[in-house]
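Trainee: I would like to go through this model term by term, asking each time what lies behind a label.
Mentor: Then let us set each value against its definition before we conclude anything.

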Amino acid sequence: QKHFRTVGIATIVAVYLLIGVGGLVRMAGAGMGCPDWPRCFGQWIPPTNDTLLPKNYQQKYVEERQRKNERIAKYLKALGFNDLAKRITEDKSIQEVTYFDTTKAWIEYVNRLIGVVIGFLIFLTFLFSLVYWRTRRRVPVLAFCAFILVGIEGWLGSVVVSTNLLPNLITVHMGLAVLIVFMLTYI
């Protein structure tokens, strides 16, 4: 139980840190600092200058986003979200070119790296919560739900990037982060 509390508190602090870094991403306009996901300009470590990128990198990432958004729209239509699917496929801002900026790329990339660490911390929180399985089953169940939600949150972050920061999706992305904090705080 002691380890559960220690890991749980560290996880909550880390999630708040990630929310703060997400705010920094937003304030710096770095949300498209890495126009693809999970990589950054096709690389696992962001490039340090634009000479490391292909000559047509801007158009390449617009085309990749459009293909991904068409797949997302199919799923949304199947789930009955026709208006959102239409907005994602027809929104002209999604076709805007992303230009390389080292600072913005690294700000966004650090945001993603912290997100990965959060995923591991939430998984550890779930593992340590299993000591409560017989006495307070709600604790490990909610910890597992938080772990699943953090995976959904990562996927949603990729959708935010592929839709070129569609405002409603940014709001849902933030709302899900707050829900994860509430769940972790409750348990």
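Mentor: Buried means under 20% relative accessible area, exposed means over 50%, and partly exposed covers what lies in between, with a 1.4 Å probe and protein chains only. The model is predicted, so local features need pLDDT of at least 70 and side-chain atom pairs count only at pLDDT 80 or more, whereas totals for chains, interfaces and linings use all residues. Residues are numbered from 1 along each chain as its sequence is written, and side-chain values use heavy atoms, with hydrogens and water left out.

Trainee: What makes an element of the protein chain a helix, and how many helices and strands are there?
Mentor: Helices are DSSP runs of H or I with at least four residues, strands are runs of E with at least two, and both are numbered from the N terminus. On that basis the protein chain has 6 helices and 0 strands, and its C-alpha trace spans about 60 × 40 × 25 Å along the principal axes. Buried residues make up 42% of its 187 residues.

Trainee: How do you know what span is expected of α2, and what span does α2 reach?
Mentor: The expected span of a helix is 1.5 Å times one less than its number of residues. With 22 residues, α2 reaches 32 Å from its first C-alpha to its last, which is close to the expected 32 Å.

Trainee: What puts the buried residues of α2 on the same side?
Mentor: The buried residues of α2 include Y57, Y61, R65, K68, I72 and L76. They cover an arc of only 155 degrees around the axis, and therefore lie on the same side of α2; the arc is that of the directions from the helix axis to the C-beta atoms. On the other side of α2, K74, K77 and A78 are exposed.

Trainee: Why is Y61 called buried?
Mentor: Y61 lies in helix α2 and has a relative accessibility of 2%, so it counts as buried. The C-alpha atoms of Y61 and C34 are 9.7 Å apart in space, although the two residues are 27 apart in sequence. Y57, also found in helix α2, is buried with a relative accessible area of 7%, and its C-alpha is separated by 8.8 Å from that of T98, 41 residues apart along the chain.

Trainee: What makes C34 and C40 a disulfide, and why is the disulfide called left-handed?
Mentor: A disulfide is a pair of cysteine sulfur atoms within 2.5 Å, and the sulfur atoms of C34 and C40 are 2.1 Å apart. The torsion about their S-S bond is about -80 degrees, so the disulfide is left-handed. C34 and C40 are both buried, and the structure holds 1 disulfide. As for C145, its relative accessibility is 32%, so C145 counts as partly exposed.

Trainee: What is noted about the backbone at W37 and P38, and at N164?
Mentor: Most residues other than glycine have a negative phi, and most peptide bonds are trans. A cis peptide bond joins W37 and P38, with omega about 10 degrees, and P38 is found in the loop between α1 and α2. N164 has a positive phi of about 55 degrees although it is not a glycine; this residue lies in the loop between α5 and α6, and at 12% relative accessibility N164 counts as buried.

Trainee: What makes a space a pocket, and what is the volume of the second largest pocket?
Mentor: On a 1 Å grid over the protein atoms alone, a pocket is an open set of points where a 1.4 Å probe fits, with protein on both sides within 12 Å along at least five of seven lines, and lining residues have an atom within 4 Å of a point. Grid points are joined across faces, edges and corners, and a volume is the space filled by probe spheres set on the points. The second largest pocket has a volume of about 350 Å³. Of the 16 residues that line it, the closest to its centre are I72, L76, L84, W155 and L156, and α2 gives the most to this lining, with 5 residues.
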